[in-house]
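Hi everyone, thanks for making time this morning. I'd like to walk you through one structure, so let me bring it up on the screen.

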Amino acid sequence: MLWVKSFHIVFVASWFAGLFYLPRIFVNLAMVPASSVAERARLLLMARKLLRFTTLLAVPALGLGAWLWLGYGISGGWLHAKLALVLVVIGYHHVCARLLRRFEADTNRLGHRWFRWFNELPVLLLVAIVVLAVVKPF
């Protein structure tokens with residue numbers, strides 16, 4: 001099970017790296033002038049590729065997490081809180097995909113400041129999830 005836990009941590013860290021950087025690309029997309037077609041196209045390509053790769057990383061992270069949960073038979077209030085936050089992370093990932101589709105359709109109306117704040121959410125989620133998993137406060 002230590003191998004499963006090790007790979008779970010690697011895939012979760014990699015998934016979050018994508019969730020940290022994708023909204024940063026959105027900040028740049030929100031700042032691109034309408035006349036800068038090539039820059040916008042390049043950022044959209046980067047965002048599409050990063051979203052695809054991040055999604056591929058999320059699948060084993062979640063699968064290995066489920067394996068750990070079933071293998072160890074873990075329970076407790078901390079786990080319920082952690083799983084709730086994992087659902088929020090999955091929702092955040094889904095919102096990122098929806099925001100990218102808005103950029104691709106040129107229907108985004110949110111500014112770069114909004115995306116800067118949006119970019120902070122996965123950091124807070126990761127801190128809370130790690131504290132719950134390591135400290136098990138309840």
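What percentage of the 138 residues in the protein chain is buried? Buried residues come to 33%. Please keep in mind as we go that this is a predicted model.

Let's start with the overall layout. The chain has five helices and zero strands, so if you read along the sequence, the pattern is simply α-α-α-α-α. The C-alpha trace spans about 55 × 25 × 15 Å along its principal axes. If we take the contacts with a separation of 6 or more, 81% of them link residues 24 or more positions apart.

Now to the inside. The largest nonpolar core has 30 residues, and those with the most contacts inside it are Trp15, Leu22, Phe26, Leu29, Val89 and Phe115. At least two residues of this core come from each of helix H1 (2-31), helix H2 (37-72), helix H3 (77-104), helix H4 (112-118) and helix H5 (121-135). H1 gives the most, with nine residues. As background, nonpolar side chains tend to be buried together in soluble globular proteins.

Setting aside residues up to four places away in sequence, which residues does Phe26 touch? They are Ala47, Cys96, Leu99, Leu100, Phe103 and Phe115.

Next, a residue I think you'll enjoy: Lys82, in helix H3. This lysine is buried, yet has no salt bridge.

Finally, the outside. The protein chain exposes about 8300 Å², and carbon and sulfur atoms supply 71% of that. There is also a nonpolar patch on the surface, formed by Val123, Val127, Val130, Val131, Val134 and Val135, with about 490 Å² of accessible area together. Let's pick out Val135, which is found in helix H5. Why does Val135 count as exposed? Because its relative accessibility is 55%, and exposed means over 50%.

Note on methods:
Residues numbered from 1 in each chain as written. Predicted model: local features only at pLDDT ≥ 70, side-chain atom pairs only at ≥ 80, totals over all residues. Heavy atoms only, no water. Core = buried A, V, L, I, M, F, W, Y, C linked by side-chain atoms within 4.5 Å. Buried < 20%, exposed > 50% of the residue type's maximum accessible area, 1.4 Å probe, protein only. Helix = DSSP H or I, 4+ residues; strand = E, 2+ residues; numbered from the N terminus. Contact = heavy atoms within 4.5 Å. Patch = residues over 30% accessible without salt bridge, like charges linked within 9 Å, V, L, I, M, F, W, Y side chains within 5 Å. Areas by Shrake-Rupley, 256 points an atom, 1.4 Å probe, with all protein chains shown as cover. Salt bridge = Lys/Arg side-chain N within 4 Å of Asp/Glu carboxyl O. Lys, Arg positive; Asp, Glu negative; His and termini not counted.
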